[in-house]
Amino acid sequence: MKYKNVVWDWNGTLLNDVKVGVNTLNDMLGRRGLPLLSVEDYKEKFGFPVIDFYDRVGFDMEKESFHELSVDFVETYDKYAGEVGLNEGVREVLAGIQQTGVKQYVLSALREDLLQQMLRHFQIDSRFDRACGANDIYAAGKIERGQQMLQTCPIVPEDTLMVGDTIHDAEVADALGFDCILFAGGHNNEERLQKKAPVIHRMRELLTCV
């Protein structure tokens, strides 16, 4: 095997929640009388830290605190939670990689207790040796959490592939010393992703990469 570890992103990579993310954001924008985003606009603008993304799409950060916007996002997203599912091929790929003996981890900007709850909900928690999320709802980024993960998990960076769906995932992989593959079906468009790392269009393509 080429790799001994695969580190997965959650939202947009394993979890198919782009449409829910756009609907959530547009509900928030609409309540404030701000222009709505198409899926294409969203994928062009989305990024980390989320506070900068909110500023780019028009929220007035002087009128509202980032905490207030973060709470609004979580509460609005919850209304659509029943519409999210796993991306096509995810279950098959997770099982296939696990059968080879490669260790799998999740590294997410989602709050860790919510991340673990969702993994259990979709009955895929047993596929992972560890799921590492944030300790708050602010989605500031994942580099620091990834560094903590390296201190507590038996992961050798040179033996590790990160799979994500945003340019931030490529930045995280670079900072942690991982190889990286990006999935084109997530929260950033393919044009942005191609500037950072190799891109796949179907999850099953990973079975030939690992």
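Helices (DSSP runs of H or I, at least four residues) and strands (DSSP runs of E, at least two) are numbered from the N terminus, and residue Ile51, for instance, has its place in helix α3, which spans residues 50-56. The structure is a predicted model, in which local features need pLDDT of at least 70 and side-chain atom pairs count only at pLDDT 80 or more, while totals for chains, interfaces and linings use all residues. Residues are numbered from 1 along each chain as its sequence is written, and side-chain values use heavy atoms, with hydrogens and water left out.

The interior is described through nonpolar cores, a nonpolar core being a set of buried Ala, Val, Leu, Ile, Met, Phe, Trp, Tyr and Cys residues joined through side-chain atoms within 4.5 Å. Burial is judged by relative accessible area, where buried means under 20%, exposed means over 50% and partly exposed lies in between (1.4 Å probe, protein chains only). The largest nonpolar core has 33 residues, of which Trp8, Trp10 and Leu206 touch the most other members. At least two residues of this core are supplied by each of β1 (5-8), α5 (90-99), β4 (103-111), α6 (112-121), β6 (160-164) and β7 (179-183), and α5 gives the most, with four residues.

Two packed helices are described by the angle between their axes and the distance between the axes. Axes are here lines fitted to C-alpha atoms, for helices over the stretch in contact, and angles run from 0 to 180 degrees between N-to-C directions. For helix α1 (residues 18-31) and helix α4 (residues 66-79), the axes come within 9 Å and cross at roughly 125°, which makes α1 oblique to α4; angles under 35 degrees count as roughly parallel, over 145 as roughly antiparallel, 65 to 115 as roughly perpendicular and the rest as oblique. The crossing of α1 and α4 is right-handed, a crossing being right-handed if the near helix is turned clockwise from the far one by less than a right angle, and left-handed if anticlockwise. Contact, meaning heavy atoms within 4.5 Å, is made by Val20, Thr24, Asp27, Met28 and Arg31 of α1 and by Leu69, Asp72, Phe73, Thr76, Tyr77 and Lys79 of α4. By class, this contact of α1 with α4 has five nonpolar, two polar and four charged residues, where Ala, Val, Leu, Ile, Met, Phe, Trp, Tyr, Cys and Pro count as nonpolar, Asp, Glu, Lys and Arg as charged, and the others, Gly among them, as polar.

Within helix α4, Asp72 is buried, with a relative accessible area of 12%. Residues up to four places away in sequence not being counted, Asp72 touches Met28, Arg31 and Arg32. Glu68, also placed in helix α4, counts as partly exposed at 43% relative accessibility, and its C-alpha atom is separated by 44 Å from that of Gln99, 31 residues apart along the chain.

Helix α8 (residues 167-176) is mostly covered, since seven of its 10 residues are buried, namely Ile167, His168, Asp169, Ala170, Val172, Ala173 and Leu176. The elements that cover these buried residues include β4, α7 (143-152), β6, β7 and α9 (190-194). Helices α7 and α8 pack at an angle of about 40°, with their axes 10 Å apart, which makes α7 oblique to α8, and α7 passes α8 in a right-handed crossing. In this pair, Ile143, Gly146, Gln147 and Leu150 of α7 meet His168, Glu171, Val172, Ala175 and Leu176 of α8, a contact that by class has five nonpolar, three polar and one charged residues. Helix α8 is followed by Gly177, whose phi is positive, near 85°.

Ile51 of α3 counts as partly exposed at 32% relative accessibility. With neighbours within four places in sequence left aside, Ile51 is in contact with Met61 and Phe66; the C-alpha atoms of Ile51 and Met61 are 8.7 Å apart in space, at 10 residues apart in sequence.

Most residues other than glycine have a negative phi, and most peptide bonds are trans. The peptide bond from Phe48 to Pro49, however, is cis, with omega near -5°, and Pro49 lies in the loop between α2 (39-45) and α3. Gln123, although not a glycine, has a positive phi of about 55°; Gln123 lies in the loop between α6 and β5 (130-134) and is exposed, with a relative accessible area of 65%.
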